[in-house]
Amino acid sequence: MMLSRRDKLFLISLLPFSLSVLAVLVILLFTVVANSLDALKVFCIQLLTSSVWDPENKVYGVLAPIIGSLTTSLIAVLTALVLSILLAILIAEYLRGFSREILSSIVEFTGGLPTIIFAIWASQYLVPFLRDAVMMPLHSYLSFISIFSCRPVTGFSVFSAGIALGISIVPYVTSIILEAYQSIPVAYREACYGMGATKYESIRILLSLARPAVVAALILGFARSLGETTIVVATIGNSMNLTPCIFAPGYTVSALIASQFGNAYLYPYAESVLYFSMLIVAVISLVLSLYASSVIIKWRSRIVV
Amino acid sequence: MYSWRRLREKIFIYIISIVSLLALLPIAHLIITVFLNGFNVLLEAGAGFLFKNPPVPLSREIGGIGPSLTGSFLLTVISLPVTVILGLFAAILTTEFPRNPFSLLVDTIAKSLASIPTIAVSMVVFTLVVLPMKRFSALAGATALVIVALPYTYSYFSTMLLSIPSTYREAGFSLAMSRWGVVARILIPIAKRNLMVGVLMTLARIMGETAALLFTCGRLRTGLPSSLMGPVDAIPLLIFDYILSPFEIWRRVAWGAALILLLVYMLIFFAVKFFVKEVRL
């Protein structure tokens, strides 16, 4: 592209502001990596194979929080999977005019709601409700399955945190699915109806066309719940233990950091260990969301001609 | 065969309505409980809730959230203009010079930045700002907020600038305007309302952020903040600390604070709706 002198000046004057974005990312990554090296040097693989938080004796292992992060996010995505797809279809296919306006406004409204409000509600209402209505029955009838095997005492558990996260990411995932679904050219729908397909059948065909975008939306939801802090701290029960049972209290990486990082500078290596666990989660989240957004872009250029 | 297809149609509608209701039920319950619990607290505390100090654990008086409210206000006032200016200029760069290698870099990076957990930002600011300064400060909190909100602001502004039809830009060029002239005299005036929406959405994001403030701005709850270099409190932080406390009175204060936060968020949301409705290009 040829630029005139004035345009070049314009470009150059924009650079310092814009490159601050670059600087921020570089500083963030550099600090996280540099601070986690210490822990990696001292503890090596032990960090990832054990679950101990004992700063007094300098013994650390963050396997449980990492598994906790992955499990809660998985439960969240499974919750969002069912709710979001059907909610998106309801808005796109069955509602018209005013009711549609209202429902999509609600989705938008909840999408931007400060997470702390979800956290206060989930800790005071959702957790007791889930304990009495879901966890107790599952435990008493299906306790031979290992993930339901422990008794839900307080209700604060990996399961509750997952469901609370799921509720909070539903609007986000719904809006991505909705946007993708609505960008399918009308010609496909016309072709379906032209063959005599019913609405249900054409929805199934259109959804199968949108499948890559739906999967990408779920991956983005997973990445977002990996990094979520406030809701998890308020619902997971915050204790370091590694069990296959999802009704037991646990930790996620961000919950561990939220409760331990404040005092971590008092103990050798504690800060570094926390940085290391954050590094793992941040890298997973970064890779997943870059992958998912590239899938959406590729899908769009293929389907929207 | 024919009737089965019709039946399936009906069943599908029922399933979809029930599941959607199930998705909306928690949200409705959430809003209602925040309103009910919050109203009780506000009624009991009266207008003093907005400027008194929070109660000590065993007191009977509810007190208020004065320090947190001031702190939130202060943090927002510092970080909002910085975020908007950085985000807007980054968006102008990537939309005006889309093929420039820097633009591609900025675009990818802004996207990656959005996916970094906000608590990581808090940790890094703690290490790089709070530790060298030897204390929590409003400045550190505002820095963390800017980093957290920047990618959102950027992506909103860049979609907004891209959505302006290219004919306006071409009309400017045909009058021999420079790129800067086109941006300043044509694009920005056209998108004035959308710009306002972007600012409001940034505001909503900054105001509700909790995790980024955990280790950065401190928690000053005994009085009003006196300097930008000293610690401040924020409403989300107050709620975060108080919900899981064993003291009944603190949990009640948290509900009151949550209602205030929700009301402010609703105000912003309706303002956004108002602006968006009138934007037609």
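From the N terminus on, the elements of chain B run α-α-α-α-α-α-α-α-α-α. This is a predicted model, in which local features need pLDDT of at least 70, side-chain atom pairs count only at pLDDT 80 or more, and totals for chains, interfaces and linings use all residues. Residues are numbered from 1 along each chain as its sequence is written, while chains are lettered from A and ligands numbered from 1 in the order in which they are written.

Q: What makes up the secondary structure of chain B?
A: Chain B has 10 helices and zero strands. Both are DSSP runs, numbered from the N terminus: helices are H or I with at least four residues, strands are E with at least two. The C-alpha trace of chain B spans about 70 × 70 × 35 Å along its principal axes.

Q: Why is A:Lys58 called partly exposed?
A: A residue is buried if 20 or more other C-beta atoms, placed from the backbone, lie within 10 Å of its own, exposed if 12 or fewer, and partly exposed in between. A:Lys58 has 13 C-beta neighbours inside 10 Å, so it counts as partly exposed. A:Lys58 lies in the loop between strand S1 (51-54) and strand S2 (59-62) of chain A. Its phi is positive, about 55 degrees, although it is not a glycine.

Q: What makes the phi of A:Asn238 worth a look?
A: Most residues other than glycine have a negative phi. A:Asn238 is not a glycine, yet its phi is positive, near 45 degrees. A:Asn238 sits in the loop between helix H10 (230-235) and helix H11 (253-264) of chain A. With 19 C-beta neighbours inside 10 Å, A:Asn238 is partly exposed.

Q: Is A:Ala187 buried or exposed, and how do you know?
A: A:Ala187 has 10 other C-beta atoms within 10 Å, so it is exposed. A:Ala187 belongs to helix H7 (residues 186-194) of chain A. The C-alpha atoms of A:Ala187 and A:Val158 are separated by 45 Å.

Q: How many residues does each chain bring to the contact?
A: Chain B gives 66 residues and chain A gives 64 residues. Two residues are in contact if their C-beta atoms, placed from the backbone, lie within 7 Å. On the side of chain B, helix H1 (residues 2-45) supplies the largest share, 16 residues. That side has 49 nonpolar, 11 polar and six charged residues. Ala, Val, Leu, Ile, Met, Phe, Trp, Tyr, Cys and Pro count as nonpolar, Asp, Glu, Lys and Arg as charged, and the others, Gly among them, as polar.

Q: Why is H1(A) called roughly perpendicular to H4(B)?
A: Helix H1 (residues 5-43) of chain A and helix H4 (residues 118-133) of chain B pack at an angle of about 80 degrees, with axes 10 Å apart. Axes are lines fitted to C-alpha atoms, for helices over the stretch in contact, and angles run from 0 to 180 degrees between N-to-C directions. Under 35 degrees is roughly parallel, over 145 roughly antiparallel, 65 to 115 roughly perpendicular and the rest oblique. Therefore H1(A) is roughly perpendicular to H4(B). The contact of H1(A) with H4(B) has six nonpolar, three polar and no charged residues.

Q: Which residues touch the most other members of the largest nonpolar core?
A: A:Met278 and B:Ile239 do, in a core of 184 residues. Such a core is a set of buried Ala, Val, Leu, Ile, Met, Phe, Trp, Tyr and Cys residues joined through C-beta atoms within 7 Å. Helix H5 (residues 138-162) of chain B provides the largest share, 17 residues.
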